Amino acid sequence: GEAYLSTDRWTRTMGIPQRTAGWYEAQSGEWKQYLDAFAQGINNFAGEHPDQISDEVQGVLPIEGTDVLAHGQRVMLLSFITSPALLRTINRRWNPGQSTPLPRTTSGSNGWAIGTSRSASGNAMLLGNPHLPWSDLYLFYEAHLKTRELNSYGSTLVGMPVLAIAFNDYLGWTHTVNTHDGDDLYELTLAEGGYLWDGFVREFETSQEILKVREQDGTLREEQLALKQSIHGPVIAEKNGKALALRIVGLEQSGMLAQWWDMVQARNLEEFEAVLRGLQIPTFTVLYADRDGRILHLFGGITPVRPAGDWDWSGIVPGDTSETLWTKSHGYDELPKVVDPASGWLQNANDPPWTTTFPAELDANQFPRYMAPRRMRLRAQRSARMLMEDESITFEELIQYKHSTRMELADRLLDDLLPAARKSTRDRGRRAEHCRRRHRARETAVRHAERRGRRRRQKCGA
């Protein structure tokens with residue numbers, strides 16, 4: 001129906017149906033069986049529990065193995081790396097021929113990897129704290145996968161057949177959305193039915209798609225969708241003699257699901273890194289810890305090798321010259337990575353990789369300027385401060401820190417704001433001062449409890 005028409009246009013514009021067929025054929029025979037079996041499991045459940053399947057969902061049944069791959073494409077490439085909502089906002093702001101400031105998503109997640117030197121128990125610890133919405137394609141579900149060879153537990157997004165954040169008997173990892181730039185918008189100059197390219201006119205590759213739209217009476221009407229493909233990628237907008245074309249990484253990498261499956265089967269850091277080297281997952285930070293005490297932070301994803309430039313690649317790029325066209329991506333050894341830092345801890349709160357630990361072990365100047373921005377936001381600063389201030393972290397403290405609501409900005413501003421609140425004659429100011437006193441009393445009690453716990457641990461150690 002009309003409710004899904006925009007999604008249909010988007011998936012066809014981005015070529016998901018055609019690409020999915022190629023992805024499926026690229027899978028090994030074993031993985032085709034896995035995909036088909038997962039799809040059949042969905043169908044079996046729907047058949048056995050029809051009362052739990054809404055009429056709206058019934059329309060997509062039965063599911064096939066190719067649908068699982070198509071869903072993975074839509075989620076990873078067209079929701080995390082870019083999204084139709086973001087592109088609609090860009091199109092509204094786009095002023096052809098002029099610099100256009102572009103919005104960027106502000107996804108939130110936290111992850112910590114704590115090594116043996118920083119852990120009170122002497123065991124490495126891992127914290128995964130994703131912040132995705134509890135709805136739609138971002139919905140997480142938990143799973144325990146156990147075979148004769150594997151015992152693993154974790155979570156993944158609905159519709160995915162493998163664990164995306166997980167641990168087994170030997171190791172574990174988590175993901176955060178990183179400051180990864182895996183897509184570019186190119187502005188084309190339209191001319192003679194095509195577009196300018198290196199001083200000549202280049203033709204678009206054109207095609208027509210037929211969309212079937214269900215009407216309220218159950219009948220289907222057909223709508224034609226005209227598609228244009230440039231050397232950069234599909235045209236997503238046209239305005240005042242210009243066009244925007246979208247280029248996105250990962251379209252040729254069909255092994256994303258298989259890589260997650262191989263990650264959960266690894267037994268040590270060497271095996272885990274061997275899997276990561278495949279670079280099939282198009283985005284995300286990886287934070288890792290294992291029972292040997294090893295920890296790792298990888299600025300993961302498929303990052304294009306761009307001709308030059310700074311973080312300005314996150315804006316609209318001139319698309320009329322081959323000088324701005326990228327065709328390769330960085331290899332595993334060219335990505336920012338830290339293993340077993342001297343600090344004994346690693347963190348990421350959606351900040352660039354340069355601040356994963358202190359003292360810093362990555363020099364941003366040794367990487368291309370377009371790899372990641374140079375900044376550290378307040379949530380990341382708070383994350384790092386919590387780890388820096390505790391040299392012997394217990395498991396109980398790890399849980400407590402995870403649920404902390406203390407804000408870095410408040411610590412910096414309260415000394416100036418509180419005197420003003422005390423002088424205020426307004427009810428709001430007096431309430432703020434009252435809340436501050438209660439909060440300070442709770443913090444004092446927590447600090448005293450932490451000191452008592454550390455003294456007890458020191459006595460037991462002695």
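Trainee: Before we start, how are residues numbered, and which pLDDT do local features need?

Mentor: Residues are numbered from 1 along each chain as its sequence is written, and side-chain values use heavy atoms, leaving out hydrogens and water. As this is a predicted model, totals for chains, interfaces and linings use all residues, side-chain atom pairs count only at pLDDT 80 or more, and local features need pLDDT of at least 70.

Trainee: In what order do the seven strands of the open sheet stand?

Mentor: Strands here are DSSP runs of E with at least two residues, and helices are runs of H or I with at least four, both numbered from the N terminus. Two strands pair if DSSP finds at least two bridges between them. In this open sheet the pairing is antiparallel, and the order is 3-4-5-6-14-15-17.

Trainee: How many residues of strand 6 are buried?

Mentor: Buried means under 20% relative accessible area, exposed over 50%, and partly exposed in between, with a 1.4 Å probe and protein chains only. Leu171, Trp173 and His175 point one way, while Gly172, Thr174 and Thr176 point the other way. Strand 6 is largely enclosed by the rest of the structure, because the buried residues number six of the six.

Trainee: Which residue is the bridge partner of Thr176 in strand 14?

Mentor: Strand 6 and strand 14 run antiparallel and are joined by six bridges. On its other pairing, strand 6 forms a hairpin with strand 5, with three residues between them, and there Ala166 is partnered by Trp173. In strand 14, the partner of Thr176 is Thr285.

Trainee: Which residue in strand 15 stands opposite Tyr288?

Mentor: Strand 14 (residues 285-290) runs antiparallel to strand 15, and five bridges join them. Opposite Tyr288 stands Leu296.

Trainee: Is Gly300 buried or exposed, and what is its relative accessible area?

Mentor: Leaving aside neighbours within four places in sequence, Gly300 is in contact (heavy atoms within 4.5 Å) with Asn178, His180, Thr283, Phe284 and Thr285. Gly300 is buried, and its relative accessible area is 2%.
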